[in-house]
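This briefing goes through one protein structure by topic. Look at the sequence and the model first, then read the points below.

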Amino acid sequence: AGASIRQAQKSLSMAIQRLTPDDHFNVIEFNSRTHALFQTPLPATPSRISAAISWVERLNADGGTEMLPALHKAFKGSGSPSHLRQVIFLTDGAIGNEEALFNAIHLHREDARVFTVGIGAAPNSYFMVRAAEIGQGSFTHIGDIHEVSDRMEDLFRKLENPLVTDLKLTWPEGVNVEAWPNPLPDIYDGEPLVVAARADDAAGEVQVTGISSLQPWQVALPLAQASTRSGISKHWARQKMASLELARHRMPQDTLVFEKNILQTALTHGLVSRLTSLVAVDITPSRPQDMSLESQILPLNLPEGWDFDKVFGEDISSAPLSPLNTDILKEASTIAVGTDRDLSQTERGLILPQTATLFEIKALLALLLMIFSSLSLWRLSKSHCSRSI
């Protein structure tokens, strides 16, 4: 809500206005529910563009951020052979089920390219970057509403000019090469293709092939022109770890194999990864041993542009902060082991954000379904009794 939804609306309207009649498009809204403007992507006629912009201007930030149904709807159906299908995922990125989303992109995108646009001051950059990598696209961050025009202009120019797709590298025969990233991304206007390779020989030519304007494309690069630079090995190692992370989602049954390879690469090259970190140990005492420890809750600010009431459901910013009650925490641990009763959030001393669960609505729906099924059974039993008489 707030600045984030205004940025999203402005970005999306700019994208729709640039479409041509040769393009097919659809717009999918998601919060706690998912709703598409059209049943399937349709040609971008002037009337549909006008209707889509009006629809976008009426969007309201409400509910949670359930991305998975929106992704499934975006990937549903097959694209036209003459069109490159591009999914532009626009969100503030405040989500936590990254693994499920990564798997959905890998399993269901088929030939689509996924481009992520992070809105606001605190998007989940880890998810946005990794999702774009899995989808062979790119990530764009818009942190200020004044940056929308420039950043989206850059993205649109790239999307409208896919120069070479379906890239492949063919190395000289007999040369042992380990090259990353794999698979290769598409080449867009203004963006270079960077491949980090480790080879036992630098002789011969590497052939780069792909499809450009629906026609075969090829270029030969002589390896003898390569020059020696420091730091290339670490760059190669980072590219390898990133590619192995992507492969882990493509082949989850081999997760342990990939993680072992990632760990060994990080340790060999002294790099920080998901499995390794750099640790500094300071043995200087920071507190006299006879001084007791105290704990207290510290208030934190929300990221710029976030709306407090939309995130937490009600205004609790003025409520007094009190330290956690250790007796309640001990009781909670005892209850978790010995009984079935759950403490409320208030009893635990914690106030959690209102996410996309919508418990009250789902409980009401469940109650209505139970009543409906009971009435159906009653009518069915009454019908049988009538026929028996």
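Is D154 buried, partly exposed or exposed? D154 is partly exposed, with a relative accessible area of 37%; buried means under 20% relative accessible area, exposed over 50%, and partly exposed in between, using a 1.4 Å probe and protein chains only. The model is predicted: local features need pLDDT of at least 70, side-chain atom pairs count only at pLDDT 80 or more, and totals for chains, interfaces and linings use all residues. Residues are numbered from 1 along each chain as its sequence is written, and side-chain values use heavy atoms, with hydrogens and water left out.

**Salt bridges**

- The structure holds 13 salt bridges, each being a side-chain nitrogen of Lys or Arg within 4 Å of a carboxyl oxygen of Asp or Glu.
- D154 forms a salt bridge with R157, with the closest N and O atoms 3.2 Å apart.
- Because D154 and R157 are three residues apart in helix α6 (residues 148-159), about one helical turn separates them. Helices (H or I, at least four residues) and strands (E, at least two) are DSSP runs, numbered from the N terminus.
- E178 and K240 also form a salt bridge, at 3.0 Å from N to O. This pair links distant parts of the chain, 62 residues apart: E178 is in strand β9 (residues 177-180) and K240 is in helix α7.
- K240 is buried at 9% relative accessible area, whereas E178 is partly exposed at 27%.
- A network of salt bridges links E99, E245, R248, E259 and R274.

**Helix α4**

- In helix α4 (residues 98-108), the buried residues are E98, L101, F102, A104 and I105.
- These residues lie on the same side of α4 because they cover an arc of only 160° around the axis; the arc is that of the directions from the helix axis to the C-beta atoms.
- The buried residues of α4 pack against α3 (68-75), β6 (113-119), α5 (125-134) and α7 (232-250), where contact means heavy atoms within 4.5 Å.

**Strands**

- β6 and β7 run parallel and are joined by four bridges; two strands pair if DSSP finds at least two bridges between them.
- G118 stands opposite H141 in β7.
- An open sheet is formed by four strands in the order β10-β8-β12-β13, with antiparallel pairing. Its edge strands, β10 (187-188) and β13 (215-222), each pair on one side only.
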